[in-house]
Amino acid sequence: MAITFEGEAWEKLPGASRLTLAQRSAIEAEDPLLCVMAGAGAGKTRVLTLRVARRVRDGSIEADRALVTTFSRKAAEELRTRLWSLGVSGVKAGTFHHTALGLLREHRAQRRRPEPQLLPDRRRLLADLLTGDPRRVRALDGEIGWAKARLVTPERYEAEARRAKRRSGINAEQVADMYVRYEAERSRRRVLDFDDLITACADALAGDAAFADAVRWRTRHLFVDEMQDVNPAQFRLLTALLSDEPDLFVVGDPNQSVYGFNGADPSLLYRLPEILRGTKVIRLDENHRCTPQVVAVATAVLRDSETDETILGEIDAATSSRVDGPVPTVIAHASDADEAAWTALRAKQSRNPGMRWSSIAVLARTNAQLALVQAAMEAANVPCQVAGSDLGPASDLRSGWSSRRQVDHDDELEPEQIDHDLVVLTTFHRAKGLQWHTVLIIGLSTGLMPLASAQTTDAINEERRLLYVALTRAEEELWCSWSAGDDVRTASGSVRARSASPWLAPIERTIAQLTKAAAPTAASDVAARVAELRQRLAGEGDA
């Protein structure tokens, strides 16, 4: 029987057209504990918001007792906008950190204690304690952030850092010493840093039963987006919010977990059925964003060449609901300058009549790689912008939002940072969650993909997943590029000739297979693409 909302059939709700059976199952399931494993382009945000709307409308939840958590202000704003478009109001939607700050303020106000004071910038305090290379301050900031995300105290840092094979460029004993000094000074100033918000809120819930009961009553129904990015500290807070009869819906993709360096633990997503007994798992493997050719190339990067299994083994072989598109291409260059010049020319040639420049993106592993490309674009009269700026966590909280802790080139791309009609130049991390018609991925060379600093199996696998994220930003046209360039310095300090990334091999093998299988374009193929375009223009976009 079709679910109806105020006399309106389920299929008539905005965004509910063309749902797959798996998507419908995730939206309509009555299970109180539900984990959705959603691959790239699978429509996870649409499923999450429609599930919230379905439950509010059918009375199985009260809107003002529902909390949706995510990791960036951009994502939180999108969730609110989508819920509003579905006629849902009253649902609380925000980030873990903003939720924690609000609860801490409430707890302290009830107990007539001063409002929590937030440290504007942890690096400034570290710089006060440590004179020297700013890179050393950044490294310490990263290590302390990782430790707090992983619930690692200063006393346990050395052992845990060695176990995780952390490579910060600073001796683990020295980091531990600075961590102790930092915590002492922070306590003396009576301030909390960005990472402390999560722990302090969880402590308040654990230590005050009356407060915890009241909060759990108000947040009876929990929804978590991007679950693969949750770290142990956030997971502790999440479980502290669960009532005795938990009502929890999470969605995420373990193959898009790219914040392990920052403390995220993707195993919390795929181990959730073990942690919370009775959790039902639904998989969304169909990609509605990318063509089958892009999906095939991206998936090939995730597969082990010997076992033919995905890295985490949780998402089955992805498929695409799109009609065939062009086969992706790999290009090699003699130098970085040649690669930059080619990138500018390729962007110009990829812009078809009526196509906006902003439908084209150039993605690189680091910010430093984009400067040469920007210069080449400007020389070729191609309008472009290097997207992203370091938005500090304190400014996010002051404006009523929060983003995950940012580290230099890994801050997220916010909509307001893209001006007019320009080719977007950005990093793999910032591109996460976005999509373009045409994507040019540059710098697929040793030392850059994976980064030379990625030495452990976990770090290397995270680099592989990061490339998968970059590849799946392309809706139709995908170009992969690398340059022989200059020699590179390895993590051990030795110098060797730059070569192609090892992950170009599975990409090129897949491209060869796709090229061999591709038949000459026929009139029927063109008709199918026109029909698909008309259908996409007539309906809502997929998340």
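Strand 4 (residues 66-70) and strand 6 (residues 221-224) are paired in the parallel sense, with four bridges between them. Helices (H or I, at least four residues) and strands (E, at least two) are DSSP runs, numbered from the N terminus, and two strands pair if DSSP finds at least two bridges between them. Within this pair, Leu-67 stands opposite Leu-222 in strand 6.

This is a predicted model, in which local features need pLDDT of at least 70 and side-chain atom pairs count only at pLDDT 80 or more, while totals for chains, interfaces and linings use all residues. Residues are numbered from 1 along each chain as its sequence is written, and side-chain values use heavy atoms, with hydrogens and water left out.

Axes are lines fitted to C-alpha atoms, for helices over the stretch in contact, and angles run from 0 to 180 degrees between N-to-C directions.

### Helix 4 and its two partners

Two packed helices are described by the angle between their axes and the distance between the axes.

| Helix pair | Angle | Axis distance |
|---|---|---|
| Helix 4 (residues 96-110) and helix 11 (residues 232-241) | about 55° | 11 Å |
| Helix 4 and helix 9 (residues 196-207) | about 45° | 9 Å |

Angles under 35 degrees count as roughly parallel, over 145 as roughly antiparallel, 65 to 115 as roughly perpendicular and the rest as oblique. Helix 4 and helix 11 are therefore oblique to each other. Helix 4 passes helix 11 in a left-handed crossing, that is, the near helix is turned anticlockwise from the far one by less than a right angle (right-handed if clockwise). From helix 4, Phe-96, His-97, Ala-100 and Leu-103 make the contact, and from helix 11, Gln-234, Leu-237, Leu-238 and Leu-241. By class, the residues of this contact of helix 4 with helix 11 are six nonpolar, two polar and no charged. Ala, Val, Leu, Ile, Met, Phe, Trp, Tyr, Cys and Pro count as nonpolar, Asp, Glu, Lys and Arg as charged, and the others, Gly among them, as polar.

Helix 4 and helix 9 are likewise oblique to each other, and helix 4 passes helix 9 in a left-handed crossing. On the helix 4 side the contact is made by Phe-96, His-97, Ala-100, Leu-101, Leu-103, Leu-104 and His-107. Helix 9 contributes Leu-197, Ile-198, Ala-200, Cys-201 and Ala-204. The contact of helix 4 with helix 9 has 10 nonpolar, two polar and no charged residues.

Another six strands form an open sheet in the order 11-16-15-12-14-13, and the pairing is parallel. Its edge strands, strand 11 (329-333) and strand 13, each pair on one side only. Neighbouring strands here are turned by 20° against each other on average, direction ignored. Strand 12 (residues 360-364) and strand 14 (residues 423-427) pair in the parallel sense over four bridges, and the bridge partner of Ala-364 in strand 14 is Thr-427. Helix 19 (residues 457-471) packs on this sheet, touching strand 12, strand 15 (436-441) and strand 16 (474-483). The direction of helix 19 makes about 130° with that of strand 16.

### Salt bridges and loop residues

The whole structure holds 38 salt bridges, a salt bridge being a side-chain nitrogen of Lys or Arg within 4 Å of a carboxyl oxygen of Asp or Glu. One is formed by Lys-44 with Glu-226, the closest N and O atoms being 3.1 Å apart. Lys-44 lies in helix 2 (residues 44-57) and Glu-226 in the loop between strand 6 and helix 11, so the pair ties together parts that are 182 residues apart in sequence.

Most residues other than glycine have a negative phi, and most peptide bonds are trans. Lys-165, not a glycine, has a positive phi of about 55° and lies in the loop between helix 7 (157-163) and helix 8 (172-189). A cis peptide bond, with omega about 5°, joins Met-449 and Pro-450; Pro-450 is in the loop between strand 15 and helix 19.

Key: Contact = heavy atoms within 4.5 Å.
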